[in-house]
Every structure is written in C-alpha cells, then in structure tokens.
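Have the sequence and the 3D view open as you read.

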Amino acid sequence: MKQIIVAGTGYVGLATGVSFATIGFKVTCVDIDKNKINLLQKGICPIYEPGLQEALLESIMQERIDFTTNLNQAYRKADVIFIAVGTPELPDGTANLTYLKEVAKDIAMNASKDLVVVIKSTVPVGTNEVVKQILKEFAHPKLKIDVVSNPEFLREGSALHDIFHGDRIVIGADHPQSASYVSELYKSFNLPIFVTSVRSAEMIKYASNAFLATKISFINEISSICEAVGADVEQVAHGMGLDRRIGSQFLNAGIGFGGSCFPKDTSALVKSSALKGLELKLLKSVIDINDYQQLKLYELAKLYFGSLKDKRIAILGASFKPNTNDIRHAPSIALIKEFLKVGAIITVYDPIALPEVNREFGDSVKYSNDLYEAISNQDAGLIVTEWNEIVQAELSQFETRMKQPLIFDGRNCFNLEEVQNTNIQYYSIGRKPVNVNLQIAQKL
C-alpha cells in the first residue's frame, strides 16, 4: 500500500489526510506546530468543520492516520507527499510562498526513494516549476521526484462532502506516468478526473475562485440598483438563476465574500497578472465592490443614527460563513473596526467563532454565545452571518428584548411578509425596507 504523507495540518491538509485515511490509505500528517500535532495525536480536531472530528477519531481508531513533527522520518518513508501548507497574502497582495518552499527543501533533503510531490496549496501559475527546481537542487541526484498540481475546491463548512461528492478532480502533470499515479490514488472517490498541464491546473484554481467572486460582486451591484428602483433582488436573482447558462448558485445578495480563498486568490490573480503587464479591470472592480459591500451595514447605521458614539450595536455572526469558525477577511471584522473607531459599544454573537474574535479584539468588545442575550437592550442588531440560529430566530424576541427593534440584515435572513407583521424596523440588501419611517428610509 502506498504511504501518503500530508505536509500541513491546516484546513486543506487535515481534510485531505482524513479523507484518504477514510477510504483505507495509510496517512501520516506532518506539521512543525507542536501544539497542533499534540492535539491531533489526542484525537482533538483544532479546526471546526462539520464531520471532521468524527472522521478523524474513526481513522485514528482504525490506525489509518497518525501525526508527527518528525519531518525526517515522515519524508524518508513517503511514496507520495501532498503539500497543503498555507500561502497567505503578502502586504502587496501576492501569495507568500515561504512555507511551500521550506517544505520542498525539507522533502528534498530527507527523501530516500523515488516519489511524487503533489501540490494542493493554492499557488500562482509557475510555482510547481519553482518547487521542482528546489527538489532538483537539494535532493540526491539519483532520486526521481516528480511534481504534480492538484488544486482543491473545498468549501469551508462542507469540506468532507465536497471531497467525496465534488464536481471534478483536477490533476496537472508534465508526465503521463505521474498523472496516472495520482489518478489511481483518487480512484475510490468515484469522481470525474480532468488531467491537464501543470500551469493550466494552477490557473483553473484561481480562475474558478475569481469567477465565483465575480458572481457575488455582480449580484451585490445589482442589489444597489434594486434598492434605487424599487425592485427585489431575491426575485431578480431567482429569475436570473432559472437560466441554465447563469445558474442560481452564488447569486445571493449580501455584504460580500470573505474567508481564506476568494479575497486572497482574487487579489493574487490581479497582482500576479500586473507583474506580467496585464491589468485585470473586471477583477479589480470585483474587489472594490466587495470592499464597499462589507461596510454597507455600517454606512446604513451611521445614516440612521447620525452619531454612533455610545450606541449599543449587536454584531450577529462573526465567521465569514455558517458552519465554520474562520474569520479571515470576514465582513464582521471590518464592521467591528469601523464601529469601534466612532465609539460604538459592540456585542458580538457567534455560536462557534467567538474565541477567534476575542484573539482579534480582546476586551474592546463584549461577547455572547446566546443570540437573545446578545440583542438584549441593543440599539440595533446587524446580521452578518446567516447561521441557522439566526435564520430560525423568533422575531418576537427582537421586539421584546431590544432597546428599539431595529435590524440591519446583511444576509436577507427573514421573510419580508413575516417582518411586516411585527414592530421591527427592518433594512435588508436589495429589498424594500419594512416598518420604517419614510423620511429615514429615503435618507438611507
């Protein structure tokens, strides 16, 4: 049986390792973070992802997965190594490849037999060739080490589902033997496999995320027009989505995209293209629209109140999307920073992500893991993440608990007709405001 090594135990690396272990492979996950490895060795998943904790424990019990910080031992026994380390955004918007290059050098200096290195990390076009050069420079000259691109297309909050029920597996390889080797690893997943060149595989990842980000910014731009002309963006999006050429996915108007992929990858594509002398005007606009959209609820609150000093504001939802504790590039972070600048008193509610928010803001905000407690005696509630706990909330609780029942809904969680039957002043995205003072509504 092939010995699979996964370098990196972050979101992608851990999901990849557990998935291969689940279908019967022997997997070793490697990381230099001792605290993270200690947790994993105890069967404790360091990230929140539905189903991952249970799958991790099962794989450990079946002795199909283990975890180590011993790079030398792990890389020496490897038949195939998946690199899944982070490529975070640098200040200039390009991808930081430091960790990737360090892993490539470690592999080269410790490898003891021929192997295939598979890059799952999201990397700019041409990075696989850089890794191949590092391997050639530092590995024993008699070793044959090939590099294959295998980008991931996982959605946080449904990673395991996507791994086993995805649309495709993309494999970029320069040699047919390497492509066949990696394809064989994925045989049990029973998913369509698309084999292409290395550079095309790298580009597919960036182009896919940039296109989805474009759909989100497009519908958010349309939502602003809907507000101006009195149309309903949800009905508009539904009518558009019935066209099979367009589709309904990613046409939900709101306060923009966040997370570890769309913002970083779209920015990296723009920056890397600029280095080639290309100006991606469309994707620049996608980024600009998203930056504006993330602060839309703040702008609405500022117009409504005039002064926000000492106003009690509940931020409802902190993670960038439901079913994850990831707050990277989350709209909540940008909103909280703006409200704190003007002296507002912030209470943050989230069922999972409060520890991450606390690391970002400390004692400068208040925290609550109870929705109804969070809205009590507040001047306004801002819905930022469409957690089920929020979508299924009782509207009567907002009426009775808030200082004044005022909601700015950045995710269009509530039915307008249901809100109409309450005393809640309700502003959402791309839809008509409900139960509002007409003079105030016109100002907004």
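Buried here means under 20% relative accessible area, while exposed means over 50% and partly exposed is in between. Keep in mind that this is a predicted model.

**Asn 96 and its surroundings**
- Asn 96 has a relative accessible area of 15%, so it counts as buried.
- You'll find Asn 96 in the loop that runs between strand 4 (80-83) and helix 5 (98-110).
- The side chain of Asn 96 makes a polar contact of 2.7 Å with the side chain of Thr 98.
- Setting aside neighbours within four places in sequence, Asn 96 is in contact with Gly 86, Thr 87, Pro 88 and Leu 90.

**The largest nonpolar core**
- This core has 42 residues, and Ile 313, Phe 339 and Leu 382 are among those with the most contacts inside it.
- Helix 13 (residues 296-305) gives the most to this core, with 6 residues.
- Not counting residues up to four places away in sequence, Ile 313 touches a list of residues including Phe 305, Phe 339, Ile 346 and Leu 382.
- In soluble globular proteins, nonpolar side chains tend to be buried together.

**Two non-glycine residues with positive phi**
- Glu 63 isn't a glycine, yet its phi is positive at about 55°.
- Glu 63 sits in the loop between helix 3 (52-61) and strand 3 (65-68), and its relative accessible area of 62% makes it exposed.
- Asn 435, also not a glycine, has a positive phi near 55°.
- Asn 435 is in the loop between strand 14 (425-427) and helix 20 (438-443), and at 26% relative accessibility it counts as partly exposed.

Conventions:
Residues are numbered from 1 along each chain as its sequence is written. This is a predicted model: local features need pLDDT of at least 70, side-chain atom pairs count only at pLDDT 80 or more; totals for chains, interfaces and linings use all residues. Side-chain values use heavy atoms; hydrogens and water are left out. Helices (H or I, at least four residues) and strands (E, at least two) are DSSP runs, numbered from the N terminus. Buried means under 20% relative accessible area, exposed over 50%, partly exposed in between (1.4 Å probe, protein chains only). A polar contact is a pair of N or O atoms within 3.5 Å; within protein, one must be able to donate a hydrogen and the other to accept it, and residues adjacent in sequence count only if both atoms are side-chain atoms. Contact means heavy atoms within 4.5 Å. A nonpolar core is a set of buried Ala, Val, Leu, Ile, Met, Phe, Trp, Tyr and Cys residues joined through side-chain atoms within 4.5 Å.
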